[in-house]
Amino acid sequence: MRSSLFIAAVFVFLGLTLTAQDATIKGVITDLKGNPIEAATIGVPGTVYGTSSDPSGKYSFTLPGDQTYRLIVRHISFEEFVTNISVAAGEQRSLSPVLGGKAMEISTFTKSEERNRERPLRKIEGGMAKFNPSVTGSVESLLPAQALGVSINNELSSQYSVRGGNFDENLVYVNGIQVYRPFLIRSGQQEGLSFINSDLVSNIAFSSGGFEAIYGDKLSSVLDITYKKPEKFGGSASAGLLGFNAHLENASDNKRFTQIHGVRYYSNQYLLGSLDTEGDYRPRFIDYQTYLTYAFNTNWEVSFLGNFSQNRYQFAPENRQASFGTVSSAVGLNVFFDGQEIDAYQTSFGALTLQWTPRYNLNMRLIASAFQTTESETFDIEGFYRLSELENDLSKESFGDEAYVIGTGSFLDHARNYLDALVASTELQGEYSKNGHKWLWGLKYRHDDINDRLNEWSLVDSVGFSVPYNGTDVNLFETIKSDNRVATNRVMGYLQRDWNFDLDSHQVFLSTGARFHYWDFNQQTTFSPRILASIRPNWDADWQFRASWGFYHQPAFYREMRDLYGNVNPAIRAQRSIHYVLGADYNFKMFKRSFKFVGEAYYKHLDQIIPYELDNVRIRYYATNNATGYATGVDLKLNGEFVKGIESWISMSIMKTMEDLIDDEYVLYTVQFGDTTIQSEKTFGRAIDSSTVYPGFIPRPTDQRVNFAMTFQDYVPGLEQIKAHLSLLYGTGLPTGPPSYTRWKDTFRMPPYRRVDIGFSARLKGEGKESKLAFLNKLESAWVTLEVFNLLAVNNTISFLWVKDARNVEYGVPNYLTARRVNLKLIVRF
């Protein structure tokens, strides 16, 4: 803390000595006919120096004197204006740019400006979140179609897998600050709201791998969110059957102070009513976010990002009926429940940033942030089940009814789990650019303090016997009990150098860098070098080629440290992945419309991997670095104006990810029963031979071989204000197995995930247009949407309930996700 105060004091001292006299630039921005242009932006790229023109086209801003600057004036309807200008200290310079109109006509569809195309981060169109038919309505729901290699297998969750990685391997930044999610969540219906509030977002970038050294210590991906700095008063509100959102934004007259606030309420009770387990669902998820900025002058700016969320999930199950199998061998399950589950998650997050820009090409930031979560998971649920064979004779009236009982049993699940965690950090970041080249550096200290109390057990009674059965005592099927306190410190940093240059008229970009991470818990220091190269050939066709290589370490966070029984492993080490990525994108015209094709091939070598079990969205680690593995595949994406004036996306991924546990060998016995011999892991006292089996490489829990995603938009000809939005997801089945904690047995495949959601939106009032309904004219815009979730009513499986019959045959009863539901929503902006 003392070092942070010292750095801040140095910033203030240098600021007072270097910002003595500013120059002022002012003028009027007009078009070729002399008409003033409102909302044009003028400033120095890559700095905080700049402003926007008012309704009369006037503007004024200050910047340090005795320097030369490159000014850019932009407006969506006009050509860009660029000029170099030198100003002396205290000078007042008049500059009145005249902008020419764009040659191309602007339609409903406007192709996004492709800045930083040479980098591995791709821009995501966040404005789609309001209209994309999705249960969560989150930014993450846009990723499967718009990004590369992203899969989602649970519509109730905002978690996603990237190129064979799990949810914990994804980095999420908001305004350059890493954000976190709760620890104890085990199912999508408990999760609630994503951290990211789409109402506050101005820019979204995503990388599926091979990302630069400025991004931290995770194995798979980066989601980089920028919240907006408003320029005037405004806001929005939306309400539907799943909850409501509202946001307000404003800026002071001199634009020095900006503020934006967002409130969200979400309840998936309506959706949970379609699950096959009937009961009393009472979920409630609320959050508030704010982003405030204040510019003391052109050199100094302070900002605050804050979030508070309170999630509560209460559930009292009553009964469940399920049937599975085939027509010739159909089985039915009836379960009657007693008890309830109550989960609560309260999280707070705050980040204070001090930004100093002493020169137009030098920017430094000091960031202090803290994340705090208090979580509880409590349940006592008793279930009594009856397993039956169903009548399979189509000629009988009783077809599909219970024919006879093949097994009965009961189970009792109990938990009293509590977790408190605090993650606090201080970080210094810097950026210096000159002649198209750039240096970036950062140093960060982080303190983690986690208190975790687990008390969880399960009792299973199958056909009158407790499982596991030893002949006498009643045994618990599983017991987890621990009380852990882990307080650790980490120091991490990065250095990166970027070059932009021409090579025989070809545009070349090269980025080299490295990260380090020291953790005092295990005294381990990791070093992660990374390199990225990109070239844009001087061809008639608009191609860009990229290649990246690098080391990506993931030092364990608390979840990876804790094993299946709640014990913390003090010898845990960082997982490592080496990325090899080759990619290209191509901008082209088809049907006289704009399209973009992106393709990447990758190979990731994995070692020091921590195996884990995946159940719904709950990840349970083995907490030992006893595996190696790999992930390899190809990702393809095509987006553009399939329908004139409106954009759509199609993506496809083919991949394979495997792992080899170094200590999973087992002994297979040859057992003789009379004239019959069988092979078994048990001897039964009759073994006549044995051999050691090494399973070798097995599929990782996220080994989803094929993924296809499409977001398609259309409108009614002549009634462009009425649009249709289609979201389609397909993913082959994930590996799974019975709850034995024996990884090599988890090779059974779930059914594929297939989902189609469709939405219809009607614009009641457009921006800058009059409505026949007078009360709507007080609004900037208004929309009403009708969404149909799971249009084809597909029963998607998220996990299995494992039960046994009287013959000791084990059945995996599928736990299905939500059925078809309809949602009506109203969206207004003002």
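**Notebook: charges, overall shape and one hairpin**

I looked up the charges first: the protein has 82 positive and 91 negative ones, and their mean positions lie 7 Å apart. I note that I am working from a predicted model.

Next I checked the secondary structure. I found 5 helices and 49 strands in the protein.

Then I turned to overall dimensions. I read off a span of about 100 × 65 × 50 Å for the C-alpha trace along its principal axes. I compared the radius of gyration with the globule rule: a compact globule of 830 residues would have a value near 28 Å, and the protein has 29 Å, so the two agree.

I looked at burial and surface. Of the 830 residues, 53% count as buried, with buried meaning under 20% relative accessible area. The protein exposes about 36800 Å².

Last, I went to one hairpin. Which way do strand 47 and strand 48 pair, parallel or antiparallel? I found them antiparallel, over 7 bridges, with strand 47 covering residues 797–804 and strand 48 covering residues 810–816. I see K804 standing opposite E810, a residue of strand 48. The hairpin has 5 residues between the strands.

How values were computed:
Residues numbered from 1 in each chain as written. Predicted model: local features only at pLDDT ≥ 70, side-chain atom pairs only at ≥ 80, totals over all residues. Heavy atoms only, no water. Helix = DSSP H or I, 4+ residues; strand = E, 2+ residues; numbered from the N terminus. Rg over C-alpha atoms; globule rule 2.2 N^0.38 Å. Buried < 20%, exposed > 50% of the residue type's maximum accessible area, 1.4 Å probe, protein only. Areas by Shrake-Rupley, 256 points an atom, 1.4 Å probe, with all protein chains shown as cover. Lys, Arg positive; Asp, Glu negative; His and termini not counted. Charge placed at Lys NZ, Arg CZ, Asp CG, Glu CD. Pairing = 2+ DSSP bridges.
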